[in-house]
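Reader: Could you walk me through some of the labels attached to this model? I would like to see how each one is reached.

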Amino acid sequence: LNSDIDIANYYMYEANYNQAAGAWWGWYDGASERSTNIVRGANKDLTYIKRKEFSVNARAAMFNNSVTADASFFVNSVEGLIITPTTIYPSYFSTYYPTASFVPYTNFNNNKRTGFDLNLNYKKRVGSVDFNLGLAATYYSTEATKRDENFQYAYQNRTGKQIDGVWGLQTVGMFVDAADVTNSPSQKFGGIIKPGDLKYVDQNADNIIDDKDEVYLGRGGWYGAPLTLGVNLTAKYKGFTFFALGTGGFGSMAMKNSSYYWVYGNGKYSEVVRDRWTEATKETATYPRLTTLTGSNNFRNSDFWLYKTDRFNVSKLQLTYDFPKSILENSFMSEVSAYISGSNLLTISKERKVLELNTTSAPQARFYNVGVKVLF
């Protein structure tokens, strides 16, 4: 399939000039003008993004239709994603001041997704109660099959890694004392390194810790967790109906990088700094030393701040009562039901407190509803 779903602008194949970022210049008579600069070059061969899909589907019904199943396996390849490449054109095609570039939009990057969907449903009557249990699951993996990149070290290549990869440094604890700082690779992220600062792995063994030591740490789940689950249960007894819905996401990671966790300068202290590194707590500290500076060495993406977002949510519970029609025979109402429900009731996760914490935004909430439905 040809797709324009990821194409944001019109006439991307045309060259573009403007004065908005042009440089000011003038003559001795006081007149001032602004240069017209090229923003991008033309590419008449620019075309649609190609979307190639293959899927196999199966459906089954067993035990007198009490068990039904739907399954699907899929492979999805999106090719020729449009970018402004930095490695396949000479560096002199672009200037930083005044800002100008002859580099055109180009079909280049490719992404691949592979996975399966599964839907199971089980119906059973036990005595006077009708049960219906459903399970839905989706699992998928991703791969950046082609990237415009030119990293010095192969372990930093995005090609072959997950599309939603989280990248950062690997830590080996905190510096114990001044001798530990002196005898370790030099960390080049700014500031004076002191005991209590985070200590990183020198991936390329050049005795320097910098951006070249960042590695793949895990999946961010930006387009959904690798494994997504949904479980629903419906039980009916006479006029009562009970419904429960649980949802879960597993396999992705995130960074504790908000102002609640990265505390420095005159920022407000949160409870996480109570376990900060000091000379007295160096053996048990779970947080780096406090600093009045920017903390640029400690507060950067690394596995020290990484956590798993695995969770299972009790997303909804509802109890409904449908009044018998015999009661409504002589009334102006044809149907009446009453219900009580709750949403976002419970999160089960090792990192529940982190997942339920919002900072600089509205708090998360649980919802409770009571209602009556009347049909005339």
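Reader: Why is phenylalanine 240 called partly exposed?

Author: Happy to start there. Phenylalanine 240 has a relative accessibility of 40%; buried means under 20% and exposed means over 50%, so a value in between is called partly exposed. Please keep in mind that this is a predicted model. Phenylalanine 240 lies in strand β19.

Reader: What makes Tyr237, Phe240, Phe242, Leu317, Leu319, Ile340 and Val370 a nonpolar patch?

Author: A patch takes residues with over 30% relative accessible area and no salt bridge, and nonpolar side chains are joined within 5 Å. Phe240, at 40%, is therefore over that cut-off. Together the seven named residues have about 640 Å² of accessible area on the surface. Strands β19 (240–250) and β22 (311–322) are the elements that give two or more residues to this patch.

Reader: Why are phenylalanine 63 and asparagine 64 called exposed?

Author: Exposed means over 50% relative accessible area. Phenylalanine 63 has 64%, so it is exposed. Asparagine 64 has 80%, so the label holds for asparagine 64 too. Phenylalanine 63 is found in the loop between β6 (49–62) and β7 (67–83), and asparagine 64 lies in that loop as well.

Reader: What makes their phi values worth a remark?

Author: Most residues other than glycine have a negative phi. Phenylalanine 63, however, has a positive phi near 55°, and asparagine 64 has a positive phi near 60°.

Reader: Where is the cis peptide bond, and what is its omega?

Author: The cis bond joins tyrosine 97 and proline 98, with omega at about -10°. Most peptide bonds are trans. Proline 98 is found in the loop between β8 (94–95) and β9 (100–101).

Reader: How do you know that aspartate 148 has no salt bridge?

Author: A salt bridge needs a side-chain nitrogen of Lys or Arg within 4 Å of a carboxyl oxygen of Asp or Glu. For aspartate 148, the nearest side chain of opposite charge is arginine 147, 9.2 Å away, so no salt bridge is counted.

Terms used:
Residues numbered from 1 in each chain as written. Predicted model: local features only at pLDDT ≥ 70, side-chain atom pairs only at ≥ 80, totals over all residues. Heavy atoms only, no water. Helix = DSSP H or I, 4+ residues; strand = E, 2+ residues; numbered from the N terminus. Buried < 20%, exposed > 50% of the residue type's maximum accessible area, 1.4 Å probe, protein only. Patch = residues over 30% accessible without salt bridge, like charges linked within 9 Å, V, L, I, M, F, W, Y side chains within 5 Å. Areas by Shrake-Rupley, 256 points an atom, 1.4 Å probe, with all protein chains shown as cover. Lys, Arg positive; Asp, Glu negative; His and termini not counted.
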